[in-house]
Amino acid sequence: IAAGVCAAIGPDDYIVSTHRGHGHCICKGADLKLMMAEIMGRETGYCKGRGGSMHISSKEDNNLGANGIVGGGIPIAVGAAMGIKVKKSNQVVVSFFSDGAANNGVFGESLNLVATLKLPVVFVLENNHYAASTPLECSFGECNLACKGDAYGMPGICVDGNDAVEVFLATKKAVKRALKGQGPTLIEAGTYRHGGHHVNDPGLYMDQEVLAEWKARDPINSLSRKIADQNKIKKIQKAVEWELAEAVEFAKNSPLPSVGEFLATIPNF
């Protein structure tokens, strides 16, 4: 989802991420070394090691940051879009959030304001069918979540979140609409979580047959099958593994944040 969306926007456009924002961060053009250093809490990280895994932001990439609060990034996207309108700049804001966040009050408030003011926001609802351990069918009525866009006066579009090309095309259309001053779009990208909510959650509540069906539709494998030159795929995979290994080593060898520098940032300490 992140790959398809971020390929459809420009370097000057903004994104606001979730508490699982590493993919968004990478797709928006992050330096893997700086991102990994932030994850490990090192001084060389994007936020000098003080943001950590769930709060990475990058001013250089117009990544307004991940957010540890579910749905917390949605109103930040609204604020950024209002700034764009005031400055009259040719930009859009993408707000990534989850199906769980779509049940937060701030979701409705934000969509209502953005639709009223016709702000340039593309809302990307990453529907992985679970909010922690709560399945989608236990928290929503019988409708697709894209219908919430129509309720607030904006297009609501359902796409296959495991198809990067389909996500890209839908986002491109939404961006074009926003840049024309026609307002926001809600894109529901359907996918499925491949395991429990966290490392200590075995996901025993998940239907294993359904999980196996979704794993067979893994988005990377699906996209790879569309490319005729499989040697090219192998080269990409090798390059990615090398780049990740280099980023990990850079982070491991980077210093921890300086206590003195930290204290110097506190007024009148």
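Modeller: Five aromatic pairs are counted here, a pair being rings of Phe, Tyr and Trp (its six-membered ring) with centres within 6.5 Å; planes under 30 degrees apart are stacked, over 60 edge-to-face and the rest tilted. This is a predicted model, in which local features need pLDDT of at least 70 and side-chain atom pairs count only at pLDDT 80 or more, while totals for chains, interfaces and linings use all residues. Residues are numbered from 1 along each chain as its sequence is written, and side-chain values use heavy atoms, with hydrogens and water left out.

Biologist: What class of pair do tyrosine 130 and tyrosine 192 form?

Modeller: The ring centres of tyrosine 130 and tyrosine 192 are 5.9 Å apart. Their planes stand at 80°, so the pair is edge-to-face.

Biologist: How many residues apart are tyrosine 130 and tyrosine 192?

Modeller: Tyrosine 130 is in strand S4 (residues 130–131), and tyrosine 192 is in the loop between strand S7 (185–190) and helix H8 (208–215). Helices (H or I, at least four residues) and strands (E, at least two) are DSSP runs, numbered from the N terminus. The pair links distant parts of the chain, 62 residues apart.

Biologist: Is tyrosine 192 buried or exposed?

Modeller: Buried means under 20% relative accessible area, exposed over 50%, and partly exposed in between (1.4 Å probe, protein chains only). Tyrosine 130 has 10% and counts as buried. With a relative accessible area of 9%, tyrosine 192 is buried.

Biologist: What angle lies between the planes of tyrosine 130 and tyrosine 205?

Modeller: Tyrosine 205 lies in the loop between S7 and H8, 75 residues from tyrosine 130, and is partly exposed at 33%. Centre to centre the two rings are 5.7 Å apart, and this tilted pair has its planes at 55°.

Biologist: Which residues do ring pairs link into a cluster?

Modeller: Tyrosine 130 pairs with tyrosine 192 and also with tyrosine 205. The cluster linked by ring pairs consists of Tyr130, Tyr192, Tyr205 and Trp214.

Biologist: How are helices H4 and H5 oriented to each other?

Modeller: Axes are lines fitted to C-alpha atoms, for helices over the stretch in contact, and angles run from 0 to 180 degrees between N-to-C directions. The axes of H4 (residues 74–87) and H5 (residues 105–117) come within 9 Å and cross at roughly 15°. Angles under 35 degrees count as roughly parallel, over 145 as roughly antiparallel, 65 to 115 as roughly perpendicular and the rest as oblique. H4 is therefore roughly parallel to H5.

Biologist: How are H3 and H10 oriented to each other?

Modeller: Helix H3 (32–39) packs against helix H10 (residues 230–252) with axes 8 Å apart. The angle is about 50°, so H3 and H10 are oblique.

Biologist: Which residues outside its sequence neighbourhood does asparagine 63 touch?

Modeller: Asparagine 63 sits in the loop between H3 and H4 and is buried at 4% relative accessible area. Contact means heavy atoms within 4.5 Å. Not counting residues up to four places away in sequence, asparagine 63 touches Ile15, Cys25, Ile56, Ser57 and Ser58.

Biologist: What is the phi of lysine 88?

Modeller: Lysine 88 is in the loop between H4 and strand S2 (93–98), and is exposed at 75%. Although lysine 88 is not a glycine, its phi is positive, at about 60°.
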